[in-house]
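Morning, everyone. I'd like to walk through the salt bridges and the contact between the chains. Please bring the structure up.

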Amino acid sequence: MKFNKIKYIAFLTLSLLIMSCSDDSDTTIQIETDFSGTFVQKDQMGRPAVNTVFVSSSSKDEFNTTIPSQQSAMFQSMFQTNLTALSPAFANSGDKNALGQDAAAFTGLLATDVLNVSLDGTTTFFDGTNVLTGRALADDVITVELLLIFGGEDFTENPSLSDDNVSANDKPFLTSFPYLASPW
Amino acid sequence: MKKTKILTATLLVAIIGLITVAADHIDAPAVSGTKADITDFYAFQGEDTNNIAFVANVQGLLAPSATSTASFDENVMVEFNIDTNNDNVEDLVIQAIPRDGKMYFFGPYAPSSTGLNSTINENAIKSEVSITPYGSSAIVANQNGMKFFAGPRDDPFFMDFAQYGEIIGGNASGFNNPGSDTFAGSNVMSIVVEVPKSQIGTSGTINTWVEAKTKQ
């Protein structure tokens, strides 16, 4: 222990000496930041709560490591099975949500888990007029999804299931970058 | 000292175990509780309407007491994927990876290969921002026409997830009114990038998603 310390100090002194001697060189030693390697996918997300709600427990990791272009082929039927089991608003054939989608069409949209973003104007998950043109911080995405899952053709079915009655964040968002509120 | 640390860790695991959570928080066994667990993804028009802001949050349900020691993992790359021609395959990526107190960003650029495995092209547009420490005001970098932020923030997600769990579990027939925000008072680790629309398409709709990838 003590001997190591002495060695260390000796080495340090020597290094300092060498460094102070080599004043003829104006090249500084640059430590390159290393960004090498292969990075392998563990998690992914497009729209909120999709994996949580529609993917069966045993398939959640698989969904996270399936590329979006293959998700519909692999998961749409599972989504449809889980949707019809979950929601009385889709219990009967011919049932639709307020977007006019039946169970197959609705789950066909959701199974490809990407977030559509408009470059032309309003960006919102749903604001009463615009549908799936982005996701803003203040969007009440869960109530929108609950309405589409449980609310039936005109958003009036299963009212106790179609709104969680939490409609805003616990801290106000900022109007300027980085938009998210400071941490608690 | 060590005992306290172990106790705190055990307690934290127990609390996380009790609260199972959603938007994408703790969504799957392989990522739950790891620094590669994405909690949320947002994409919206910026304050400057010529821009789109992307937000990726990881590491959900950080208590204020745990936030000061929370950090990004240098082995975890967060990748924003942008599909500009509606085939749900990424045409552009923005990669974020932390090194020594800074978050480095590469892109937007067209990756040499798409899909589950990624490398970083160090010749791509490179930007960086110091990671904002807990308790400091937000450090924002303006580089290459973009804005960058990385650090702890209030979790912007809100939902009565606890009651949703009760409903799914068959213990309740519906939501309460008013509901209770399960995510109130908790923080996440955020990465925010604001990009000119001209760098990610021209007009129309793009498809976007975020991925967490760990170094092999």
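Let me start with a cut-off. I call a residue buried if its relative accessible area is under 20%, exposed if over 50%, and partly exposed in between. Keep in mind that this is a predicted model.

Now apply that. A:Arg135 has a relative accessible area of 1%, so A:Arg135 is buried. What does A:Arg135 meet in a salt bridge? The side chain of B:Asp40, with N to O at 2.5 Å. B:Asp40 sits in strand 1 of chain B, residues 38–45, while A:Arg135 sits in the loop between strand 2 (115–118) and helix 6 (141–150) of chain A, so this pair joins two chains. And B:Asp40? Buried or exposed? Buried, at 0% relative accessible area.

Why would such side chains pair? Side chains of opposite charge can do so when their charged atoms come close.

Over all chains, the count is 6 salt bridges. Between chain A and chain B, the count is 2.

Next, some bridges inside chain B. Take B:Arg99 and B:Glu74. Their side chains meet at 4.0 Å, N to O. The two residues are 25 apart and link distant parts of the chain. B:Arg99 is in strand 4, residues 92–99, and B:Glu74 is in the loop between helix 2 (64–67) and strand 3 (76–83). B:Arg99 has 10% relative accessibility, so B:Arg99 counts as buried. B:Glu74 has a relative accessible area of 36%, which means partly exposed.

Then B:Lys102 and B:Glu128. Their closest N and O atoms are 2.9 Å apart. Again, the pair links distant parts of the chain, 26 residues apart. B:Lys102 belongs to strand 5 (residues 102–109), B:Glu128 to strand 7 (residues 126–130). Both ends are partly exposed: B:Lys102 has a relative accessible area of 30%, and B:Glu128 has 25%.

Which residues are linked in it? B:Glu79, B:Glu211 and B:Lys213, through salt bridges.

On to the contact between the chains. How many residues does it take from each chain? From chain A, 72; from chain B, 97. The area buried between chain A and chain B is about 6800 Å², and carbon and sulfur atoms give 60% of that. Three residues to look for are A:Phe35, A:Phe39 and A:Leu119. They supply 13% of the area that chain A buries against chain B, more than any other three residues.

Polar contacts next. Between chain A and chain B there are 37 residue pairs in polar contact, counting pairs with both residues at pLDDT 80 or more. Several elements of chain A each supply at least two residues to the side that touches chain B, including helix 3 (60–64) and helix 4 (68–86). Strand 1 of chain A gives the most, with 7 residues. By class, that side of chain A has 33 nonpolar, 25 polar and 14 charged residues.

Strand 2 of chain A pairs with strand 11 of chain B, residues 205–215. In which sense, parallel or antiparallel? Antiparallel, over 4 bridges. To find the place on screen, go to A:Val117, which stands opposite B:Ile206.

Definitions and conventions:
Residues numbered from 1 in each chain as written. Chains lettered and ligands numbered in written order. Predicted model: local features only at pLDDT ≥ 70, side-chain atom pairs only at ≥ 80, totals over all residues. Heavy atoms only, no water. Buried < 20%, exposed > 50% of the residue type's maximum accessible area, 1.4 Å probe, protein only. Contact = heavy atoms within 4.5 Å. Buried area = accessible area lost by both parts, 1.4 Å probe. Polar contact = N/O pair within 3.5 Å; in protein donor to acceptor, adjacent residues only side chain to side chain. Nonpolar A, V, L, I, M, F, W, Y, C, P; charged D, E, K, R; others polar. Pairing = 2+ DSSP bridges.
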